[in-house]
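Keep the structure open while reading.

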Amino acid sequence: ENTVIQTCVVACYGLAFSVIKLNLKLTSSVFCRNILSLTGGFGSYMIAMDERTYKLIGADYPGNRAEDIKNPGLGWMTGFLFVVSFLGLFSLTPLRKVMVLDYKLTYPSGTATAMLINSFHTHSGAELAGKQVKCLGKYLSISFIWSCFKWFFSGIGDSCGFDNFPSFGLMLFRNTFYFDFSPTYVGCGLICPHIVNCSVLLGAIISWGFLWPLISAHAGDWYPSGLESNNFKGLYGYKVFIAIALILGDGLYNLIKIIYISAKEMCNKSTKQSKLPIVNEVIDNESSKVLAEQRKRDDIFLKDRIPTWVAASGYVALAAISTATIPIIFPPLKWYLVLVSYIIAPALAFCNSYGTGLTDWNLSSTYGKIGLFIIASLVGSDGGVMAGLAACGVMMSIVSTAADLMQDFKTGYLTLSSAKSMFVSQLLGTAMGCVIAPLTFWMFWTAFEVGSPDGPYKAPYAVIFREMAILGIEGFSELPKHCLALCFGFFIGAVLVNLLRDVTPKEISQFIPIPMAMAVPFYIGAYFAVDMFVGTVILFIWERINQKEAEDYAGAVASGLICGDGIWTIPSAILSISRINPPICMYFGPSLNS
């Protein structure tokens, strides 16, 4: 019951979160993402359409037309959410066995939630379970108190506090290499496999340690110098599109591999064990109880199958309704462009869900930018900005809800919950979110100047999204020099690395990095890679000291760290809404010469 209820809640707030692009870190608690969505601004791509953002960019800005304005309205926002928000739930449902059982993806947030729920309702292994509950509670309390302590030093703005602690010096700090004392990401490092954490760190070293400094050295030649950090014509364009290339290379390779294996197994009834491109879980034979419990989980998870024809017909029917409705809300976005978006959306949803399962990062905004840029470039100057922003919303909604659903399926698998009940609960929660999210945003929109640089809710990404749509009108030719060539190279590299993982023996392939995990820090930064690596180092040492203890308690420690940090965001958000700021800004800078 608790699992089904939290699934409904996640679906409700996740709808608001899926249409948000905040300049905030994503965290991993059920509650914290809800609060962030309420306090950070609803749908920055929607705010990018309004008159205030148009004026911020400037009426004389090339490509910024007064005709491409649509101010937020409760009616059209609610209708838009109803026609786009359910498709993601049907897009990947047939692949839940592949993602959870065959790939054995971690989904750290889903695993942490399951651990927390199981700790309240365990009936077997009472002694060990009791110790795990105490361990979870201990580290949840430590994480909560530490997050509260950090808040007092976080000041106003983005440069204060322990989140900006130059652990390795100011030079590396400027390249985002620092430990930010985040219990959430350390906890993720404890849950995720070592190869995932090492892949993330390797990606951070390649990108922020070598590639971005090298490209920055060509400022003024490859791209104009002096651009803002979020301008797609500068270094930011390399960061976004190279990360996208890596993600697509890895995701599409795995998607094609799944289709190939599935087709082969359907033709050959004598099914053999498939070698899927994943990190295989080593099962210890010392305890038959563990194997029996896993079989029980597998049986319950597979018992309530959601028929493939239900998912397929549901997706087709909803896509047809949406294809007919969206052009009424956004006339520049023609029906055939919406249809094409829905044809390619499941592939992108798979890529995002696969990456979320590995790293716990939902990169729906990255896929939204793909849709934004492509559709804006196809439509052109006559309505391209509005069409691109609307397509961004469509794509973000599908890939985000699909990843959230797979997180919840992971929770359901670990808590022995009915998949059908969870799916129905997800539908109910999504329907609630279609009403609650616009109403909540409307409350903030009417009470505050959302999007104003001088207001409490600046929505900085609204300007970025509109500028990206304007850039899309001008086409890929406006990207910085050599950007497309680098994207192509990294795309091919991701495919080759995956191929190498498949053709080499397991003794070697287990040490080959995962491109999907490597791609995340390319775009986000190296700080969370450092945090996750700290978690994996702690786990590695713990396993060497006491393997059994690490197996029994690592999940409880990680869940406590993640949940404690997330729960703190509730009082933190209340303080923010009440306009109570931290009293101290702890800032680090170079010492002055005497």
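The model is predicted, not experimental. The protein contains 25 helices and zero strands. Of its 594 residues, 55% count as buried. Among the contacts with a separation of 6 or more, 79% are accounted for by residues 24 or more positions apart.

Two packed helices are described by the angle between their axes and the distance between the axes. The axis of helix 11 (residues 183-191) comes within 7 Å of the axis of helix 24 (residues 527-545), and the two cross at roughly 50 degrees. Helix 11 and helix 24 are therefore oblique to each other, and their crossing is right-handed. On the helix 11 side the contact involves Tyr185, Val186, Cys188, Gly189 and Leu190. On the helix 24 side these residues meet Tyr527, Phe528, Asp531, Met532, Gly535, Thr536, Ile538 and Leu539. An α-helix has 3.6 residues a turn, so residues three or four places apart point the same way.

Helix 11 also packs against helix 25 (residues 547-577), at an angle of about 155 degrees and with the axes 8 Å apart. An angle over 145 degrees counts as roughly antiparallel, and helix 11 and helix 25 are therefore roughly antiparallel to each other. The crossing of helix 11 and helix 25 is left-handed. Helix 11 contributes Pro183, Thr184, Val186, Gly187, Cys188, Leu190 and Ile191 to this contact, while helix 25 contributes Val557, Ala558, Leu561, Ile562 and Asp565.

Is Thr176 buried or exposed? Its relative accessibility is 15%, and Thr176 therefore counts as buried. Leaving aside neighbours within four places in sequence, Thr176 is in contact with Trp208, Gly525, Ala526 and Tyr527.

Helix 23 (residues 515-524) is mostly covered, with ten of its ten residues buried. The buried residues are Pro515, Met516, Ala517, Met518, Ala519, Val520, Pro521, Phe522, Tyr523 and Ile524. Phe522 leads on to another part of the chain, as it is in contact with Ile242.

Ile242 belongs to helix 13 (residues 235-267). With a relative accessible area of 0%, Ile242 is buried. Besides Phe522, and setting aside neighbours within four places in sequence, Ile242 is in contact with Leu211, Trp212, Leu486, Cys487 and Phe490. The C-alpha atoms of Ile242 and Ala485 are separated by 9.6 Å, although the two residues are 243 residues apart along the chain.

The aromatic side chains come next. A pair of aromatic rings is described by the distance of the centres and the angle of the planes. The structure holds 33 aromatic pairs. One of them is the edge-to-face pair of Trp76 and Phe330, at 5.5 Å centre to centre and with 85 degrees between the planes. This pair links distant parts of the chain, 254 residues apart: Trp76 is in helix 5 (residues 74-84), and Phe330 is in the loop between helix 15 (308-329) and helix 16 (335-359). Trp76 is buried, with a relative accessible area of 15%, and Phe330 is buried with a value of 1%.

Trp151 and Phe152 also form an edge-to-face pair, with 5.2 Å between centres and 80 degrees between the planes. Trp151 is buried, at 13% relative accessible area, whereas Phe152 is partly exposed, at 38%. A cluster connected by ring pairs takes in Trp146, Phe149, Phe153, Phe162, Phe165, Phe179, Phe181 and Phe588.

Two arginines are placed over aromatic rings. The charged end of Arg52 sits over the ring of Trp445, 5.4 Å from its centre. Arg96 lies over the face of Phe301, 4.5 Å from the ring centre.

Definitions and conventions:
Residues numbered from 1 in each chain as written. Predicted model: local features only at pLDDT ≥ 70, side-chain atom pairs only at ≥ 80, totals over all residues. Heavy atoms only, no water. Helix = DSSP H or I, 4+ residues; strand = E, 2+ residues; numbered from the N terminus. Buried < 20%, exposed > 50% of the residue type's maximum accessible area, 1.4 Å probe, protein only. Contact = heavy atoms within 4.5 Å. Phe/Tyr/Trp six-rings, centres within 6.5 Å; stacked < 30°, edge-to-face > 60°. Lys NZ or Arg CZ within 6 Å of the ring centre and 35° of its normal. Axes fitted to C-alpha atoms, helices over the stretch in contact; angles between N-to-C directions. Parallel < 35°, antiparallel > 145°, perpendicular 65-115°, else oblique. Left-handed = near helix turned anticlockwise from the far one by under 90°.
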